[in-house]
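User: I'm new to this one and would like to learn how to read it. Could you walk me through some features?

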Amino acid sequence: EAVKCPICAINIGALLENDKNDHVNHCLDGTPIPLPTPPSKPIISPRPGATNLISPFFGRAPVITPSSSSKPSAFTKLMSTNSESQAWASAAKAEVDSRGKKAADRTCPFYKILFNGPVTVDAFRYGAVPGCQAYFLSHFHSDHYIGLSSKWSHGPIYCSRVTANLVRSKLGVDPKYVRELPWEEWTDFGVEGIRVRGLDANHCPGSMLFLFEETKKGGKRILHCGDFRASPEHLRHPLLTPGEEGLKGQKIDLVYLDTTYLNPKYAFPAQNGVIEACATMCVKLQKEAETGVEEPITGKNSTMGSFMTGANHAPSKKKGRLLIIVGTYSIGKERICLGIAKALGTKIFAPPNKLKICRQLEDPILDNLLTSNPHEAQVHMTPLMDIQIETLQEYLNTFKPHFDRIVGFRPSGWNYRPPNSRLTDSPAVNTVLYGAAWRSEYSTEEMTPMRGSGREVKCFGVPYSEHSSFRELSMFICGLNVVKVIPTVNIGSAKRRDEMKVWIQKWEVEKRKNGLFSVDGGKGKW
């Protein structure tokens, strides 16, 4: 089989697995060795003082690296500037080559393996990862738990209680493999010398950030973000903030960062602003349904003003009732439903499968508002991809005469369009952090009905996201003493990786030049 060394490009396909690892590691260390002839036998036992680790290139075979008292390991050098590009290229190729293969035939990429082997995060699609003793699941979204099923038997799964509820009930995973992590408590999890603490990721219900810490003096601290929406509370967290010492204060050696929106185009507004605008719009539309008198819904950039005013419609004598449809995931986007329901004083309807999931989220406020009777609730949850003008009309028709108007909301950060006054090509980090133009506000004035909307059926795409915006990512990393950042989303393209790498470097330069961003005091404002 033609397998090339990612450093020197020599064909090493004929070598035994241990010899492949030995060759690659020597190349990384700058001491290349000739190909052995004939191939040597596999290494049976490690040298004294060595540790069995997983090769970042050949994840199914053990590789021997020196103990911490020796020179830096090949893995450490792998994460240096030049070798890191090789690692990403190798991981990307392995991911492409593994498409359509069984989990047992896939190679887990290096960016899902922590501490050189014993811990993985969201790596279930690779089956049993060699050397892994603890499998962590950040939250219950399919792109993170893919690979988990009732057949799982590869090791313990660590996650929040809410996520554990769903892993057991929806995926049928044997409870003996599921370990519930408490919030904000250091937990030993069976890997000697490492402990973990679960922090709120501010993503979907049950989502966790994992803060790992080696217990030895001067041990590494690693933060894995999974998917998250950065907030001021993260920068204020006593185990994350470096405090008044700034760059000399508490550090995080490695952050695995959710880079879904690491692009200056997506500095979208805060969640609360979007929720409030949607609730305000629904109150307005409900009033119109009751009175039959419509007001303009134009939005700042709308060309539909005269069409949407309803000027050609006489006031209705019948008191109408508005139906609100909110696009959600299997878990997620519940906050926007709650905000609208509270504003209208109504219940929330969820289809049977969604209702079953919501009952396991252990949210008493949501529980009190949920109902299985669609006529009782003005707010209905439905899959996000089902929110279209055509489907909304069909949905309304099935509920007439209980409702006579409908409005749908498609909440997603991808709906955001920056103002023309904001330069997004290559803004200065300092401007992104402190410039007033980058503090995105949102109101009903920014809400423009989607094409095809009319008097009876309206649809809005709103920039509500449960991932961090570009500015929030900038504030998060610039507010912490982080040694290294590894992106975890949109990493399949070398071009995108290079673009993200530039921003990570710019954040580091900003911190060294102007100090850490502070959400409290100074000129910083979230």
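User: Let's start with contacts. Which residues does Leu 257 touch, not counting residues up to four places away in sequence?

Analyst: Keep in mind that this is a predicted model. To read contacts, pick one residue and list what its atoms reach. Leu 257 touches Cys 225, Phe 228, Leu 473, Phe 476, Ile 477, Val 485, Ile 486, Pro 487, Thr 488, Val 489 and Trp 507, with residues up to four places away in sequence left out.

User: Which residues touch the most other members of the largest nonpolar core?

Analyst: Leu 257 is one of them, along with Phe 136, Phe 189, Phe 212, Phe 476 and Trp 507, in a core of 61 residues. Helix α14 (residues 470-478) supplies the largest share of this core, 6 residues. Apart from it there's another core, of 59 residues, including Ile 157, Cys 159, Cys 278 and Ala 341.

User: What about the open sheet of 5 strands: what is its order?

Analyst: That one goes β3-β4-β5-β6-β7, again with mixed pairing. Its edge strands, β3 (113-114) and β7 (178-180), each pair on one side only. Helix α5 (residues 161-171) packs on this sheet, touching β6 (157-159) and β7, and its direction makes about 160 degrees with that of β7.

User: Last one, a loop residue. Is Ser 465 buried or exposed?

Analyst: For this, check the relative accessibility against the cut-off, under 20% for buried. Ser 465 has 1%, so it counts as buried. Ser 465 lies in the loop between β18 (457-462) and α14. Its side chain reaches the backbone nitrogen of His 467 at 3.0 Å. Leaving aside neighbours within four places in sequence, Ser 465 is in contact with Arg 229, Tyr 261, Phe 268, Gln 271, Lys 333 and Gly 413.

Terms used. Residues are numbered from 1 along each chain as its sequence is written. This is a predicted model: local features need pLDDT of at least 70, side-chain atom pairs count only at pLDDT 80 or more; totals for chains, interfaces and linings use all residues. Side-chain values use heavy atoms; hydrogens and water are left out. A nonpolar core is a set of buried Ala, Val, Leu, Ile, Met, Phe, Trp, Tyr and Cys residues joined through side-chain atoms within 4.5 Å. Buried means under 20% relative accessible area, exposed over 50%, partly exposed in between (1.4 Å probe, protein chains only). Helices (H or I, at least four residues) and strands (E, at least two) are DSSP runs, numbered from the N terminus. Contact means heavy atoms within 4.5 Å. A polar contact is a pair of N or O atoms within 3.5 Å; within protein, one must be able to donate a hydrogen and the other to accept it, and residues adjacent in sequence count only if both atoms are side-chain atoms. Two strands pair if DSSP finds at least two bridges between them. Axes are lines fitted to C-alpha atoms, for helices over the stretch in contact, and angles run from 0 to 180 degrees between N-to-C directions.
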